[in-house]
Amino acid sequence: MCIKWDAVVFLLGGVSYSLIEILWRGYTHYTMVLLGGICFLSLYKLFNVMEKYSLLEKCVAGAILITTLEFTVGCLVNLVFHMNVWNYSRMPLNLLGQVCLVYSTLWGFLCIPINFLTKKIHSVADI
């Protein structure tokens with residue numbers, strides 16, 4: 001895997017996540033472009049390592065990865081820098097208002113199409 005493909009995957013994830021967020025809540029923030037890129041690139045690499053694992057196992061691992069990244073970035077941008085990009089405090093089973101079970105579950109379901117997309121990118125990148 002060359003750096004060029006990492007950049008393509010990062011940009012694809014950043015732009016895609018921002019578009020999903022705009023469709024979901026009507027707006028986004030530049031930090032979400034960065035987080036989306038980091039998440040997608042991380043999933044791309046993780047799912048390559050987990051090639052022989054089941055889709056369910058990948059979805060669980062992906063949800064944990066995304067939730068961990070979201071919590072880390074949320075603590076930094078929301079709690080340290082007070083940028084107020086998101087706040088899940090009103091959601092049930094949240095942790096410091098930065099992550100919650102509802103969205104962690106949604107991240108798991110989002111890993112279904114991401115799994116197929118990462119396979120397709122790997123097949124093109126290996127050419």
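The model is predicted.

Helix H1 covers residues 3-25 and helix H2 covers residues 30-49. Their axes lie 7 Å apart and meet at an angle of about 125°. That makes H1 oblique to H2. The sense of the crossing between H1 and H2 is right-handed.

Which residues of H1 and H2 make the contact? H1 brings Asp-6, Val-9, Phe-10, Leu-12, Gly-13, Gly-14, Tyr-17, Ser-18 and Glu-21. H2 answers with Met-32, Val-33, Leu-34, Gly-36, Gly-37, Ile-38, Phe-40, Leu-41, Tyr-44 and Lys-45.

Much can be read from what H2 hides. Its buried residues are Thr-31, Met-32, Leu-35, Gly-36, Gly-37, Cys-39, Phe-40, Leu-41, Leu-43, Tyr-44 and Phe-47. Look at how the numbers are spaced, and recall a rule of helices. An α-helix has 3.6 residues a turn, so residues three or four places apart point the same way. What covers the buried residues of H2? The cover includes H1, H3 and H4.

Thr-118 sits in helix H4. Is Thr-118 buried or exposed? Its relative accessible area is 1%, so Thr-118 is buried; the cut-off for buried is under 20%. Setting aside residues up to four places away in sequence, Thr-118 touches Phe-40, Tyr-44 and Phe-47. Each of Phe-40, Tyr-44 and Phe-47 is listed among the buried residues of H2.

Now turn to the second pair. Helix H3 takes in residues 55-80, and helix H4 takes in residues 101-125. The two axes come within 8 Å and cross at roughly 115°. This crossing of H3 and H4 is right-handed. On the H3 side the contact uses Leu-55, Lys-58, Cys-59, Gly-62, Ala-63, Ile-66, Thr-67 and Glu-70. On the H4 side it uses Ser-104, Trp-107, Gly-108, Cys-111, Ile-112, Asn-115, Phe-116 and Lys-119. The contact of H3 with H4 divides into eight nonpolar, five polar and three charged residues.

With 14% relative accessibility, Ser-104 counts as buried, because buried means under 20%. Beyond its neighbours within four places in sequence, Ser-104 is in contact with Ala-63 and Thr-67. Ala-63 and Thr-67 belong to the H3 side of the contact with H4. Ser-104 and Leu-43 are 61 residues apart along the chain, and 15 Å separates their C-alpha atoms.

H4 also packs against H1. Here the angle is about 145° and the axes are 12 Å apart. H1 passes H4 in a right-handed crossing. From H1 come Trp-5, Val-9, Leu-12, Tyr-17, Ile-20 and Trp-24. From H4 come Tyr-103, Leu-106, Trp-107, Leu-110, Leu-117, Ile-121, Val-124 and Ala-125. How many of the residues in this contact are nonpolar, polar and charged? There are 14 nonpolar, no polar and no charged. Val-9, Leu-12 and Tyr-17 of H1 also take part in the contact with H2.

Next, go back to H3. Cys-75 is found there. Its relative accessible area is 18%, and Cys-75 is buried. Not counting residues up to four places away in sequence, Cys-75 touches Val-80, Leu-96 and Gln-98. Trp-5 is 70 residues from Cys-75 in sequence and 29 Å away in space, C-alpha to C-alpha.

Finally, follow the chain out of H3. A loop runs between H3 and strand S1, which spans 94-95. His-82 is in this loop. Its phi is near 55°, a positive value in a residue other than glycine. At 57% relative accessibility, His-82 counts as exposed. Leu-93 is also placed in the loop between H3 and S1. Leu-93 has a positive phi of about 55°, although it is not a glycine. With a relative accessible area of 65%, Leu-93 is exposed.

Technical notes. Residues numbered from 1 in each chain as written. Predicted model: local features only at pLDDT ≥ 70, side-chain atom pairs only at ≥ 80, totals over all residues. Heavy atoms only, no water. Axes fitted to C-alpha atoms, helices over the stretch in contact; angles between N-to-C directions. Helix = DSSP H or I, 4+ residues; strand = E, 2+ residues; numbered from the N terminus. Parallel < 35°, antiparallel > 145°, perpendicular 65-115°, else oblique. Left-handed = near helix turned anticlockwise from the far one by under 90°. Contact = heavy atoms within 4.5 Å. Nonpolar A, V, L, I, M, F, W, Y, C, P; charged D, E, K, R; others polar. Buried < 20%, exposed > 50% of the residue type's maximum accessible area, 1.4 Å probe, protein only.
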